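Subject: Handover of a structure and the findings from it

Dear colleague,

Please find below the structure that I am passing on to you.

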Amino acid sequence: MDADLNFSMNKIITVIFFLFPLFNFAQTDVLLLQKNGRNIKTYAPGMGIMIHTVYDQWLSGTLTDLKNDSVYVNYIPFHVHEIDEMRDEFSKLHLQSAGTILIVAGVGVLAINVINGIYTNESSGSWVKTSGWITAGAFILAGILMKSAKYKNYPIGKKYTLHYLNLRAKDAPAEIPLKTQNP
């Protein structure tokens, strides 16, 4: 009898296990950033996002929810028409630290050339050769460029568009076109 009870409990647990996902909502709304009709990035809840609003505020944080044409950034709601610019941060490339290292390396090349010139008793005008200036300048310039390339901005308008896609099961799927700027 104990085996029959155990077998029937296993059946009940199996049925509950397979029916449970039917009662959950699997899809959420998404926010599409497009350039000339092609997708650049898709935003869903749980992703990091950086937006600029029509109120001249930059907001950065986690996209906590998308509901009823509203974008929730750190639980603060904004209507999609209030977003006038998106920003993508290149934090995974570590451009800030690599840029600093290149600037230090460029200054180091100059310092080594000067120290070498002093050590070999050369005249002060010939301490840094042309190749040293070119190498140091290339390192420093590349470092400055890498430090300034942390963000990519996408102003919403003619070239870049923002689309809210309603994919929730309760509502009919619909694409809501967002604002476009007139010249």
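How many helices and strands does the protein chain have? The protein chain has 3 helices and 10 strands. Helices (H or I, at least four residues) and strands (E, at least two) are DSSP runs, numbered from the N terminus. From the N terminus on, their order is α-β-β-β-β-β-β-β-α-α-β-β-β.

Please note that this is a predicted model, in which local features need pLDDT of at least 70 and side-chain atom pairs count only at pLDDT 80 or more, while totals for chains, interfaces and linings use all residues. Residues are numbered from 1 along each chain as its sequence is written, and side-chain values use heavy atoms, with hydrogens and water left out.

Overall picture

Of the 183 residues of the protein chain, 26% count as buried. Here, buried means under 20% relative accessible area, exposed means over 50%, and partly exposed lies in between (1.4 Å probe, protein chains only). A contact means heavy atoms within 4.5 Å. Among contacts in the protein chain between residues at least 6 apart in sequence, 59% join residues at least 24 apart.

The sheet and its strands

Six strands form an open sheet in the order β6-β5-β4-β3-β7-β8, and their pairing is antiparallel. Two strands pair if DSSP finds at least two bridges between them. The edge strands, β6 (76-79) and β8 (151-155), each pair on one side only. On average, neighbouring strands of this sheet are turned by 45 degrees against each other, direction ignored; the axes are lines fitted to C-alpha atoms, for helices over the stretch in contact, and angles run from 0 to 180 degrees between N-to-C directions.

Strand β5 (residues 70-73) is joined to β6 by 4 bridges, and the two run antiparallel. V73 has I76 in β6 as its bridge partner. In the loop between β5 and β6 lies Y75, which has a positive phi of about 65 degrees although it is not a glycine. Most residues other than glycine have a negative phi. Y75 counts as exposed because its relative accessibility is 69%.

Another antiparallel pair is made by β1 (residues 30-35) and β9, which 6 bridges join. L31 has Y164 in β9 as its bridge partner. Is strand β9 (residues 160-166) mostly covered or mostly uncovered? Strand β9 is mostly covered, with 7 of its 7 residues buried. Both of its faces are covered: Y160, L162, Y164 and N166 are buried on one side, and T161, H163 and L165 on the other. In a regular strand the side chains alternate between the two faces of the sheet.

The nonpolar core

A nonpolar core is a set of buried Ala, Val, Leu, Ile, Met, Phe, Trp, Tyr and Cys residues joined through side-chain atoms within 4.5 Å. The largest one has 19 residues, and those with the most contacts inside it are L31, I49, I51, V71 and M86. Two or more residues are given to this core by each of β1, β3 (48-53), β4 (58-67), β5, β7 (83-89) and β9. Leaving aside its neighbours within four places in sequence, V71 is in contact with residues including L31, L63, L66, F78 and I83.

The helices

Helix α3 (residues 130-148) has 19 residues and reaches 27 Å from its first C-alpha to its last, close to the 27 Å expected at 1.5 Å a residue. The expected span is 1.5 Å times one less than the number of residues. Which residues of α3 are buried? They are G132, A136 and G143. Seen down the axis of α3, the buried residues fall within an arc of 30 degrees, so they line one face of the helix; the arc is that of the directions from the helix axis to the C-beta atoms. On the other side of α3, exposed residues include W133, I134, L141 and L145.

G117 lies in helix α2 and counts as buried, at 2% relative accessibility. Its C-alpha atom is separated by 4.5 Å from that of W127, 10 residues apart along the chain. Not counting residues up to four places away in sequence, G117 touches E122 and W127. In the loop between α2 (95-119) and α3 lies N121, another residue other than glycine with a positive phi, near 60 degrees.

A colleague
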